[in-house]
Amino acid sequence: MGTYVTISVPAADADRLDQAVPDIKQALEGIEAALSIFRPESEISIINTNAGNWTEISPETARIIEQALEYADLSGGAFNPTVLPLVHAWGLHGAKTPPKWLDDEHLAPLLKLVEWRNLEVEHNRVRLKEAGMQLDLGGIAKGYAVDVCYDLLYSRGMTNVMVNLGGDLRCSGGTERNPYWIVGVRNPFNRNQIIGRLMLSGGDAVSTSGNYERFIELNGRRVAHIIDPRSGYPVEGMAGVTVLAADSITADALSTALFVMGVEESTEVLDKQENIFALFVPDMQPLEIHLCRNMRTRFIPEPAYKDSVRIVQ
Ligand code: AMP
Ligand code: MG
């Protein structure tokens, strides 16, 4: 997945963790082998090659695809697991020629292929209805992997634990003195600084989608690796979105979705959701931190950013 996993437990659990490490490695390797679009033999790549026809897949992969469709529905298509033709067109997964700005005429035929309602899934098979459609679980796979690691560790008694897969993280436990894990939220404009801290416990998961970790330069503009599947254009105007949820797959999918939707549209969706907390940093100066719903009970801004906080609701 192009990143590192960090697992933190108290020293008393060091031996237990050592014993679990081979199983964690195997689980992560299995997820990557099934879901990677960069491996021609992965289940996802075979589904893509087979577009137009049914492909038999494992029930686990079918379940992840079902969940991806639930988040697509929830976000009105802002999260779209069939976005890959657009991702490729914009050169966001590495292009052979330098990417250039595309127009509506170029994007129109691709938009027809980016239609999550044309992705069908049953308990062990899946079909992209149209030839040329392509599945990409990049907006959800890391979150899923964190949940798998977390469940594995938790079920082996490591109930005071944090799993961090390149910024998608989940934790539970804490110490007597401090019942929370404290996690910094990075300043999207300065990776050496944080804008505040989140207090996490009880299996809370956090994911951030940003335009600073992975982006390309187009026409002198910094363009995120996240596409608005409704327009076909890369998202502009947002620097970072952090979502806190009850599990990592939800946090991961929704950080991508809310990044696309922006503050106002996100608020409408979040109003209907229990236990989803969100923080937005628009791509503008001076920096503003928009906190949704009950995020203010979990987020402590750094003193320098106290006056930058806006409560949206
Ligand atoms: P994340 O870093 O979790 O926000 O996921 C970003 C990745 O998800 C990108 O690298 C693409 O592979 C994929 N992606 C881009 N735009 C979307 C979208 N609108 N919906 C779902 N996945 C997307
Ligand atoms: Mg995500």
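This is a predicted model: local features need pLDDT of at least 70, side-chain atom pairs count only at pLDDT 80 or more; totals for chains, interfaces and linings use all residues.
## Aromatic pairs and a helix contact

At 40% relative accessibility, Tyr154 counts as partly exposed.

Tyr150 and Tyr154 both sit in helix α6, four residues apart, which puts about one helical turn between them. Their ring planes are at 25 degrees, under the 30 degrees that counts as stacked. In total, the structure holds four aromatic pairs, and two of them are set side by side here.

| Pair | Distance between ring centres | Angle between planes | Type |
|---|---|---|---|
| Trp90 and Tyr233 | 5.7 Å | 55 degrees | tilted |
| Tyr150 and Tyr154 | 5.6 Å | 25 degrees | stacked |

The Trp90 and Tyr233 pair links two loops: Trp90 belongs to the one between α4 (84-89) and α5 (104-113), Tyr233 to the one between β11 (221-224) and β12 (238-245), so parts 143 residues apart in sequence are tied together. Trp90 is buried, with 0% relative accessibility.

The axes of α1 (residues 14-35) and α6 (residues 141-155) come within 10 Å and cross at roughly 155 degrees, so α1 runs roughly antiparallel to α6. The crossing is right-handed. On the α1 side, the contact residues include Leu17, Ala20, Ile24 and Leu28, and α6 contributes Tyr144, Val148 and Leu152, among others. By type, the contact residues split into 14 nonpolar, no polar and one charged.

Technical notes:
Residues are numbered from 1 along each chain as its sequence is written. Chains are lettered from A and ligands numbered from 1 in the order in which they are written. Side-chain values use heavy atoms; hydrogens and water are left out. Axes are lines fitted to C-alpha atoms, for helices over the stretch in contact, and angles run from 0 to 180 degrees between N-to-C directions. Angles under 35 degrees count as roughly parallel, over 145 as roughly antiparallel, 65 to 115 as roughly perpendicular and the rest as oblique. A crossing is left-handed if the near helix is turned anticlockwise from the far one by less than a right angle, and right-handed if clockwise. Contact means heavy atoms within 4.5 Å. Ala, Val, Leu, Ile, Met, Phe, Trp, Tyr, Cys and Pro count as nonpolar, Asp, Glu, Lys and Arg as charged, and the others, Gly among them, as polar. Rings of Phe, Tyr and Trp (its six-membered ring) pair if their centres lie within 6.5 Å; planes under 30 degrees apart count as stacked, over 60 as edge-to-face and the rest as tilted. Buried means under 20% relative accessible area, exposed over 50%, partly exposed in between (1.4 Å probe, protein chains only).
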